[in-house]
Amino acid sequence: VFKSDLSQWVTWSTHEDKKNFLSKSPLDDIKPIAEAVKILFNQTLDNIRKRNFGQRAYDAEIFPDPSQLQWRPDGLVKGNAIIKGRSLGDGIYEFQTPDTSSITINLMNFLDVYIGKKTGISPDVQGVTEEKTATQTITNIQQTADRLGLLNRYYERAQKRLGLRYEWGLHEHMEPARALK
């Protein structure tokens, strides 16, 4: 359309595909794992809430007035267990919700290590390393610089393409007098 013969759109893409304008980004690798962590965390909170505010069943013959079963300070509850020849424990059943927090922590740690391996940003690179040698530290810094440098290179190239289109737009559409102003 214009003299520059350049496309009017620019994309910042780390996984360029000539036939796909909106190609994969680094976020596409991390988003499913972040979603799994969010689901695991929310389910753990739901599980804790179920344990804190448990659900119970009661026997109406032993506890004829269920409103007395509501918690209150120094509350007394009338029960007919002795009359029926049973204990008070026979009149209430509490549904148990198992504690799954250790499973959740293990799964979240597994996902953290997994994404670290896939992205190359391991605990060593994050500064949580077992070895404290200078050689290991320098190697980790170099790996991180290479990885981030690759992302930065694609970003810089996209910015240069935008600048080129801006410059061509000025040459084609701006009047000389207005350019001086």
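Author: The model discussed here is a predicted one, in which local features need pLDDT of at least 70 and side-chain atom pairs count only at pLDDT 80 or more, while totals for chains, interfaces and linings use all residues. Residues are numbered from 1 along each chain as its sequence is written, and side-chain values use heavy atoms, with hydrogens and water left out.

Reader: What is the mean pLDDT of the protein?

Author: The pLDDT is the predictor's confidence in each residue, from 0 to 100. In this protein 88% of the residues reach 70 or more, and the mean over the protein is 81.

Reader: Which element of the protein has the lowest mean pLDDT?

Author: The elements are DSSP runs numbered from the N terminus, helices being H or I with at least four residues and strands being E with at least two. Helix H1 (residues 26-52) has the highest mean among them, at 88. The lowest mean, 63, belongs to residues 176-180, which form helix H5.

Reader: Why does Thr 104 count as buried, and what is its relative accessibility?

Author: Thr 104 lies in helix H3 (residues 101-119). Buried means under 20% relative accessible area, exposed over 50%, and partly exposed in between (1.4 Å probe, protein chains only). Thr 104 counts as buried because its relative accessibility is 9%.

Reader: Which residues does Thr 104 contact, leaving aside its neighbours within four places in sequence?

Author: A contact here means heavy atoms within 4.5 Å. Although Thr 104 and Leu 40 are 64 residues apart along the chain, their C-alpha atoms are separated by 6.3 Å. With the neighbours within four places set aside, the residues in contact with Thr 104 are Leu 40 and Thr 44.

Reader: Which residues does Tyr 154 touch, not counting residues up to four places away in sequence?

Author: Tyr 154 is found in helix H4 (residues 134-173), and it counts as partly exposed because its relative accessibility is 22%. From C-alpha to C-alpha, Tyr 154 and His 15 are 9.2 Å apart in space, while in sequence they are 139 residues apart. Not counting residues up to four places away, Tyr 154 touches Trp 12, Ser 13 and Thr 14.

Reader: Is Ser 4 buried or exposed?

Author: Ser 4 is found in the segment before H1, and, with neighbours within four places in sequence left aside, Ser 4 is in contact with Trp 168 and Glu 172. Because the relative accessible area of Ser 4 is 17%, this residue is buried.

Reader: What is the phi of Asp 5?

Author: Most residues other than glycine have a negative phi. Asp 5, in the segment before H1, counts as exposed at 69% relative accessibility. Although Asp 5 is not a glycine, its phi is positive, at about 60 degrees.

Reader: What is the phi of Asp 74?

Author: Asp 74 lies in the loop between S1 and helix H2 (81-84), and at 80% relative accessibility Asp 74 counts as exposed. Asp 74 is not a glycine either, yet its phi is positive, at about 50 degrees.

Reader: Which residues does Leu 88 contact, leaving aside its neighbours within four places in sequence?

Author: Leu 88 lies in the loop between H2 and strand S2 (92-94), and is partly exposed, with a relative accessible area of 48%. The C-alpha atoms of Leu 88 and Asp 59, 29 residues apart along the chain, are separated by 9.6 Å. Beyond the neighbours within four places, Leu 88 is in contact with Ile 62, Phe 63, Gly 79 and Ala 81.
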